[in-house]
Amino acid sequence: EIGLNQLTSYIKTINACSTLPFQLQTAHGFVYGENLTLTNAMNEADAKMYENKKELKAKTFAYLPFNGV
């Protein structure tokens with residue numbers, strides 16, 4: 001989680017200083033637990049990442065004007 005906080009902070013800094021016409025975002029998913037196989041851990045983390053990605057898209061597109069496309 002420390003690494004995720006550092007990455008998020010770094011991306012916010014880049015976005016604040018950037019002149020690019022877009023903002024960087026990251027979707028993430030991670031799991032903790034014992035007795036998880038690598039495959040199960042990857043599948044659970046992947047599912048959580050896609051949940052996070054869906055939330056990010058909803059927040060991002062909520063602020064964009066509709067252009068009929």
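This is a predicted model: local features need pLDDT of at least 70, side-chain atom pairs count only at pLDDT 80 or more; totals for chains, interfaces and linings use all residues.
Residues are numbered from 1 along each chain as its sequence is written, and side-chain values use heavy atoms, with hydrogens and water left out.

**View 1. The whole chain, for orientation.** The secondary structure of the protein chain comes to two helices and zero strands; helices (H or I, at least four residues) and strands (E, at least two) are DSSP runs, numbered from the N terminus. Of its 69 residues, 12% count as buried, where buried means under 20% relative accessible area, exposed over 50%, and partly exposed in between (1.4 Å probe, protein chains only). The chain exposes about 6,200 Å², with carbon and sulfur atoms supplying 59% of it; accessible areas come from the Shrake-Rupley method with a 1.4 Å probe, and for residues only the protein chains shown count as cover. Among contacts between residues at least 6 apart in sequence, 37% join residues at least 24 apart.

**View 2. Lys-48 and its partners.** Lys-48 lies in helix α2 and, at 40% relative accessibility, counts as partly exposed. Which residues does Lys-48 contact, leaving aside its neighbours within four places in sequence? They are His-28, Gly-29, Phe-30 and Val-31. Follow the C-alpha atoms as well: Lys-48 and Ala-27 are 21 residues apart in sequence and 9.0 Å apart in space.

**View 3. Asn-52, also in helix α2.** Helix α2 spans residues 38-62 and includes Asn-52. Asn-52 has a relative accessible area of 15%, so this residue is buried. With neighbours within four places in sequence set aside, Asn-52 is in contact with Thr-26, Ala-27 and His-28.

**View 4. Leu-24 in the loop.** Leu-24 lies in the loop between α1 and α2 and is partly exposed, with a relative accessible area of 37%. Beyond its neighbours within four places in sequence, Leu-24 is in contact with Ile-11, Ile-14 and Asn-15. From C-alpha to C-alpha, Leu-24 and Ile-14 are 8.0 Å apart in space and 10 residues apart in sequence.

**View 5. An aromatic pair.** The structure holds one aromatic pair. Phe-30 and Tyr-32 form this edge-to-face pair, at 5.6 Å centre to centre and 75° between the planes. Rings of Phe, Tyr and Trp (its six-membered ring) pair if their centres lie within 6.5 Å; planes under 30 degrees apart count as stacked, over 60 as edge-to-face and the rest as tilted. Phe-30 is partly exposed at 34% relative accessible area, whereas Tyr-32 is exposed at 62%.

**View 6. The backbone at Asn-35.** Asn-35 lies in the loop between α1 (2-17) and α2. Phi of Asn-35 is near 60°, a positive value in a residue other than glycine. Most residues other than glycine have a negative phi. With a relative accessible area of 80%, Asn-35 is exposed.

Conventions
Contact means heavy atoms within 4.5 Å.
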